[in-house]
Amino acid sequence: MKINQLEVGSMQNFTYLLVDDNNKSSILIDPSWNTEYIKKLIQQYHIQVKYIVNTHHHFDHVLGNDDMSKTTHAKIIQHKSSPLKHDISVESGDKIQFGDCELNVIHTPGHSQDSICLINDKYIFSGDTIFVGSFGRTDLPGGNAEQLYDSVFGILANLNDDLIIYPGHNYGSTSTSTIRQEKKTNIIFKCKSKHEFLNMFK
Ligand SMILES: [Zn+2]
């Protein structure tokens with residue numbers, strides 16, 4: 001799988017264009033800004049976009065959906081609890097296949113109710129659940145700090161430590177990281193208990 005990590009817009013968002021090794025099929029994660037550039041890439045390399053996948057429904061992750069789905073005819077995939085219009089609903093355990101690639105869906109609520117991460121044996125596309133060094137805010141509508149703690153400590157912390165994290169924003173000192181590295185340096189992992197984590201918001 002080839003990963004194109006594109007920083008877009010003024011909020012350091014990452015859009016991802018993932019292309020299978022045979023250059024036949026691809027998916028677009030969180031299109032928002034710079035869609036003209038992405039269209040050019042797709043045209044230039046004759047890439048077929050099978051799906052648009054949104055890690056959650058916040059505007060800065062979905063703004064380019066209409067534009068890109070019109071151009072590519074890709075179906076839009078979101079978690080089943082997303083309030084937005086989409087073609088395919090997914091939940092934990094579902095698989096997203098394109099070309100010779102497959103990503104598994106994990107529901108990781110906390111930053112928003114419909115937050116999902118996409119993983120395979122090498123990578124995790126973490127949306128706004130976890131960033132390099134920090135984590136998604138939980139004070140927006142639908143956010144829940146306790147759920148975020150459970151998603152990070154109950155799910156992400158139990159994944160393979162070697163997984164490379166591709167976050168939803170470029171907020172860290174590097175644009176990617178690993179689960180192992182984040183366990184050492186991410187502020188959420190400095191918390192010794194859920195109680196301590198929840199106290200950060202008081
Ligand atoms: Zn968000």
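This is a predicted model: local features need pLDDT of at least 70, side-chain atom pairs count only at pLDDT 80 or more; totals for chains, interfaces and linings use all residues.

Student: Which residues are they?
Tutor: The lining consists of Ile130, Leu156, Ile165, Ile179, Glu182 and Phe189, and Glu182 is the charged one, because Asp and Glu are both counted as charged.

Student: What volume does that cavity have, and how many of 30 Å³ or more are there in the whole structure?
Tutor: Its volume comes to about 30 Å³, and a search of the whole structure turns up one cavity of 30 Å³ or more.

Student: Switching to the metal, what holds the zinc ion?
Tutor: The protein donors are NE2 of His56, ND1 of His58, NE2 of His111 and OD of Asp128, which lie 2.1 to 2.6 Å from the zinc ion. Along the chain these donors follow the spacing H-x1-H-x52-H-x16-D.

Student: Where do His56 and Asp128 sit?
Tutor: His56 is in the loop between β4 (48-53) and α2 (59-62), whereas Asp128 is in the loop between β10 (123-127) and α4 (145-154), so that the pair, 72 residues apart, links distant parts of the chain.

Student: Is His56 buried or exposed, and why?
Tutor: His56 is buried, because its relative accessible area is 1%, and Asp128 also counts as buried, with a relative accessibility of 4%; the cut-off for buried is under 20%.

Student: What is the geometry of the zinc site?
Tutor: The site is irregular, with angles of 87 to 177° among the four donor atoms.

Conventions. Residues are numbered from 1 along each chain as its sequence is written. Side-chain values use heavy atoms; hydrogens and water are left out. On a 1 Å grid over the protein atoms alone, a cavity is a set of points where a 1.4 Å probe fits but cannot get out, and a pocket is an open set with protein on both sides within 12 Å along at least five of seven lines; lining residues have an atom within 4 Å of a point. Grid points are joined across faces, edges and corners, and a volume is the space filled by probe spheres set on the points. Donors are N, O and S atoms within 2.8 Å of the metal (3.2 Å for Na, K and Ca); water is not among the atoms, so sites may look incomplete. Four donors count as tetrahedral if all angles lie between 85 and 135 degrees; four count as square planar and six as octahedral if opposite donors are over 155 degrees apart and all others between 65 and 115; anything else is irregular. Helices (H or I, at least four residues) and strands (E, at least two) are DSSP runs, numbered from the N terminus. Buried means under 20% relative accessible area, exposed over 50%, partly exposed in between (1.4 Å probe, protein chains only).
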